[in-house]
Amino acid sequence: MTACAIEPSAGHEDGDRAGPVSCALSADGAYAARLASAGDSWFPERWTLNGPEPYAVPLPRNQPEEPGTEVQPMADGRVLIHRLVAGRHAFSLLYPTGPGTGELPLGAIQCPDTAARLWLLPPAPGGERAYALAVGRRSTAVWLIAGGPAGPQQVAELPGRCSGGVWLDPAGRLLALDRETGGPTKTVVVDLECGGQVSPLLQITADSDDRLLLADHDSGLLIVRSDAPSPGHGRLGWGVLGSSLPVRFPECLRLRDCAVTPFAIQPGQVLTPESCAVALRVDGPAGSWVAVWRPAERRVHHLPAPEGWLAGTGLWTPEGVLRLPYATEVVPCGVAQVSPPGAAVPVPEPGEGSGQETGARTAGPTAAPGHPPEPGPAAEAAAPTPSAPRPVPLQQAPLGRM
């Protein structure tokens, strides 16, 4: 049963949405989009990040936007906007035109199920297409919003309630979703070019809730959250797409009284997933800050966030520089460049050397600003041997080829 039905292009009345949205980055990191405030009103704003200096272009329309309106930058610099209009989900592309803002309506989606929720998925690789997820009581639909032949169209539907959304390949064909069908949550892969064919990806134990948080196309590094090692308490772990080696759950990623959320993986490390730097947002009693971790290391580097950081937003350069967008009254559009310490040292592959860990840093985590993390044992399994990415289920026990 289809979760939502398509409707013709709608008008632009404001709807009733709750909660502000954060800054969104385009797939290549060239643009960002967010809702900016002017007093008590909100308007879309596009940031250009690929020039010598970042700059912002306001994209206001005839009336203010609601705080929960979603915006997402496209590869060509236009901004996709998602509004709730009289119970319908309306989509348009905004772009600067002279002194004003142009708008290209794309259409609207009507969800007959009043309990259904719909939101934009993370930007698809390439930046020419944009997708949304519509979650109903018993099924979930994937919608192509922008980049299709004519307006929004449903491209996949699968039973169960889904969340998340991680792209697994540079072509934007394989989409990983966290699905719940009356039992534990498991990550599945949806092939958008094969009619929405579904296959399992993450199934660590039969009873664990397993979710995929991030994936890197170049190295195949996957960052997951699962309660397999500690039922009822989710922990961060890592694996490699296409590997039959188990998912590992580093002790150093367990920070007492803190919520840790990964938001970016360093690209360009084609054959060395254990060398990829992973940026983490840490929220604790002392506030929010940035942390950096690499699978090849046994520690987390804690860094102060720039003032006005658009929390949870950032991207890596292949050279290992972390770029963090921020906005203050003095600098309304800025990007902080952070070069974290501790270059990763490759871990010997299984079976090499004397059997002892070499080349891995075993010191405990450094102190976080205002709140020291919980120290833990440093022993971890050796990093996996990378292989060509392929969507196979990841478990704690080695798997044969699927």
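Guide: Begin with strand β20, which is covered on both faces. On one side R235, G237 and G239 are buried, and on the other L236, W238 and V240 are buried too. Buried means under 20% relative accessible area, against over 50% for exposed and partly exposed in between, with a 1.4 Å probe and protein chains only. Strands are DSSP runs of E of at least two residues, and helices are H or I runs of at least four, numbered from the N terminus. This is a predicted model, where local features need pLDDT of at least 70, side-chain atom pairs need 80 or more, and totals for chains, interfaces and linings use all residues. Residues are numbered from 1 along each chain as its sequence is written, and side-chain values use heavy atoms, without hydrogens and water.

Visitor: Why is β20 said to be largely enclosed?

Guide: In a regular strand, side chains alternate between the two faces of the sheet. In this model six of the six residues of β20 are buried, so the rest of the structure largely encloses β20.

Visitor: Which strand do six bridges join to β20?

Guide: Strands pair if DSSP finds at least two bridges between them. Here β19, residues 221-226, is joined to β20 by six bridges, and the two run antiparallel. R225 has L236 in β20 as its bridge partner.

Visitor: How do I read a pocket?

Guide: Rolling a probe the size of a water molecule over the atoms shows where empty space is left. A pocket is an open set of points on a 1 Å grid over the protein atoms alone, with protein on both sides within 12 Å along at least five of seven lines; lining residues have an atom within 4 Å of a point. The second largest pocket has a volume of about 270 Å³, the space filled by probe spheres set on the points. Its lining has 16 residues, and the closest to its centre are G234, L253, R254, L255 and C258.

Visitor: Which elements give two or more residues to that lining?

Guide: They are β20 (235-240) and β21 (259-265). The largest share, three residues, comes from β21.

Visitor: What is the order of the open sheet of four strands?

Guide: The order is β10-β11-β12-β13, with antiparallel pairing. β10 (117-120) and β13 (153-159) are the edge strands, each pairing on one side only. Six bridges join β12, residues 139-146, to β13. T140 stands opposite L158 in β13.

Visitor: How many helices and strands does the chain have?

Guide: Zero helices and 27 strands. Of its 402 residues, 52% count as buried.

Key:
1 Å grid on protein atoms, 1.4 Å probe; cavity = no way out; pocket = protein on both sides within 12 Å on 5 of 7 lines; lining within 4 Å.
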